[in-house]
Amino acid sequence: MAASHDAILDAVHALLQKTSVRDLTMEEVAKRAKVGKPTLYKWWPTKASLVLAMLCERMAPDLEKPTVLTAEESLRFRVRRLIDAFNGPFGKIVAGVIAEGQSEPAVLQEFFGRWVSPRRTATIADLQRGTSTGELRSDAEPELLNDAIFGAIYYRLLLRSGPLTRRFGDKLVELVIRGQRSRSPKS
């Protein structure tokens, strides 16, 4: 069972290197993984849930952060890792999932629930920690800071309004966080 699961996720990953999320079919995945379509549907009721499973299991671990960082260091780390990931095959897949979600709201809801929400929650917790330790101003709004930074990254990913580089990410974090730094950190 675990071998079939791995073969299926490997097939999805390999196929998405050559085709878009929209053009990916369950038939192609089943054929490449050498399993029947009923096996796919037993574990993943939709193509989107299958693609999201592959994203979360195969690509998400690369985005996790070390635990001993300041709030700002954590934010910079998360931004750099996401930008690096978006500049590889992962970015194309995420953009494809978001595109699919425009005509299928359930896809977008699942993407937000499985992919965005856990990372957003963790980043907001880091920023809240920064306010409680005095690293950031006590009136900083962690949710708004998160959305300002990551919203700009997704904007560049989806609309290609400018280069999505580490330099962009560093400047973005600096610009957004500059006015939120505490003048006198707590000891």
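Analyst: A salt bridge here is a side-chain nitrogen of Lys or Arg within 4 Å of a carboxyl oxygen of Asp or Glu. The model is a predicted one, and 14 salt bridges are found in the structure.

One of them pairs K37 with E27, with 2.7 Å between the closest N and O atoms. This pair ties together distant parts of the chain: K37 sits in helix α3 (residues 37-43) and E27 in helix α2, ten residues apart. K37 is partly exposed, its relative accessible area being 32%. E27 also has a relative accessibility, 43%, that counts as partly exposed.

A second case is R76 with E174, where the closest N and O atoms are 3.1 Å apart. E174, at 25% relative accessibility, counts as partly exposed.

E174 has a further partner: its side chain meets that of R181 in a salt bridge, at 2.7 Å from N to O. R181 is partly exposed, with 23% relative accessible area. Through shared partners, salt bridges join E72, R76, E174, R178 and R181 into one network.

Two residues from other parts of the chain can be set beside these pairs. F111 is placed in helix α7 (residues 105-133). With a relative accessible area of 4%, F111 is buried. Leaving out residues up to four places away in sequence, F111 touches L52, V94, V97, I98, V116 and Y154.

T19 lies in a loop, the one between α1 (2-15) and α2 (26-33). T19 counts as buried because its relative accessibility is 17%, and the limit for that class is under 20%. Its contacts, not counting residues up to four places away in sequence, are L24 and K92.

To return to the request, the K37 and E27 pair has its closest N and O atoms at 2.7 Å, and the R76 and E174 pair has them at 3.1 Å. E174 is also bridged to R181, and both R76 and R181 belong with E174 to the network that includes E72 and R178.

Technical notes:
Residues are numbered from 1 along each chain as its sequence is written. This is a predicted model: local features need pLDDT of at least 70, side-chain atom pairs count only at pLDDT 80 or more; totals for chains, interfaces and linings use all residues. Side-chain values use heavy atoms; hydrogens and water are left out. Helices (H or I, at least four residues) and strands (E, at least two) are DSSP runs, numbered from the N terminus. Buried means under 20% relative accessible area, exposed over 50%, partly exposed in between (1.4 Å probe, protein chains only). Contact means heavy atoms within 4.5 Å.
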